[in-house]
Amino acid sequence: MHARPLALAGLIAAAFAVAASPAAAGTLLDRARQALEETGDKIEKAADDAGREVRNFLVDNPDLNRDLVDLGKRLKLPGFDDAGPDAGAGLVAAPSPTAQGGSITLGAVGLPGSTDVSIAAGPSVGAAEEIATATTSDRGTLQVTVTVPEDAAPDMPLVFVVETDDKRVRVVSEAIPVVAAADIVRISGTLSKEGVECPALRGDDGMLYTLAIDSLGDFEPGDRVEVEGTPAEISICTQGTTLGVISMVALK
């Protein structure tokens, strides 16, 4: 953490000391509130100096963020009752499951802005190997589509790791199941209203397929699509052949 956040932490610590005092009433409480206001002013200046919005600056300094929330609650300031520190940086990978050699989209937040990052994948963080590089937006976000390694083991989960080049910030996705390329089926057809428990697809082969998917998104019955997925051995869909959907794209 840089010198300025350390100075801010000192101000917060001073305010905590005042608030914790049994005599923290009247002028002492006013002094604690004044310390918090001064801290807010300094945070705004520090964020401006760093070229960051205040929210993103606090994400970069989660300990400082947490201290501010705790102090606001201690002083019973409006708006702090149900407040919690920002969740901080995070990484989401989709779709899940994914396929060997398939495409997967990574979305990250809370990273430093306009910063070069490496993207790695592997069965664990320690075993992850670099597969791509990218640059975050000026707001510290990242959205990029990468290729799943062809040698990703189907019997082992796969995690994705995004890390700044200076190694100061790293985010890791949840483990993603990997499906062997040989087990993937691709079905073209028309989405239909035949599904009772799950969305349905009437394939060009005349077969009825039900789709194990949370939502059709922007698709609707009548749309022509190609679905990539794996046959499900057990499903709540109960109709036709159920596919665990990996991807779905529109057909003209």
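**Overall picture**

The model is predicted. The protein chain contains four helices and 14 strands. It has 252 residues, and 40% of them count as buried. Among contacts in the protein chain with a separation of 6 or more, 59% are between residues 24 or more positions apart.

In soluble globular proteins, nonpolar side chains tend to be buried together. The largest nonpolar core here has 22 residues, and the members that touch the most others are Leu106, Leu142, Phe160 and Val162. Two or more residues come to this core from each of strands E1 (90-94), E3 (103-109), E4 (116-122), E6 (142-147) and E7 (159-164).

Val162 shows what surrounds one of these members. Leaving aside neighbours within four places in sequence, Val162 is in contact with Leu91, Leu111, Val117, Ser118, Ile119, Leu142, Val169, Arg170 and Val171. A second core is separate and has 11 residues, including Ile187, Leu191, Leu201 and Met248.

**The barrel**

Five strands form a closed barrel in the order E10-E11-E12-E14-E13, and the pairing is mixed. From one strand to the next, the twist averages 55°. Two of the pairings are set out in the table.

| Strands | Sense | Bridges | Residues standing opposite |
|---|---|---|---|
| E10 and E11 | antiparallel | four bridges | Ser192 and Ala200 |
| E11 and E12 | antiparallel | three bridges | Ala200 and Thr210 |

Strand E13 covers residues 224-231 and includes Thr230. Is Thr230 buried or exposed? Thr230 counts as buried because its relative accessibility is 16%, and buried means under 20%. Apart from neighbours within four places in sequence, Thr230 is in contact with Val179, Asp183, Ile184, Thr242, Leu243, Gly244 and Ile246.

**The disulfide**

The structure holds one disulfide. Cys198 and Cys237 form it, with their sulfur atoms 2.1 Å apart. The link of Cys198 and Cys237 is left-handed, with -85° about the S-S bond. Which parts of the chain does the pair tie together? Cys198 lies in the loop between strand E10 (185-192) and strand E11 (200-203), and Cys237 lies in the loop between E13 and strand E14 (241-250), so the pair joins parts that are 39 residues apart in sequence. Both Cys198 and Cys237 are buried.

The strands that flank these two loops are E10, E11, E13 and E14, and each of these strands belongs to the closed barrel.

Methods. Residues numbered from 1 in each chain as written. Predicted model: local features only at pLDDT ≥ 70, side-chain atom pairs only at ≥ 80, totals over all residues. Heavy atoms only, no water. Buried < 20%, exposed > 50% of the residue type's maximum accessible area, 1.4 Å probe, protein only. Contact = heavy atoms within 4.5 Å. Core = buried A, V, L, I, M, F, W, Y, C linked by side-chain atoms within 4.5 Å. Disulfide = S-S within 2.5 Å. Pairing = 2+ DSSP bridges. Axes fitted to C-alpha atoms, helices over the stretch in contact; angles between N-to-C directions.
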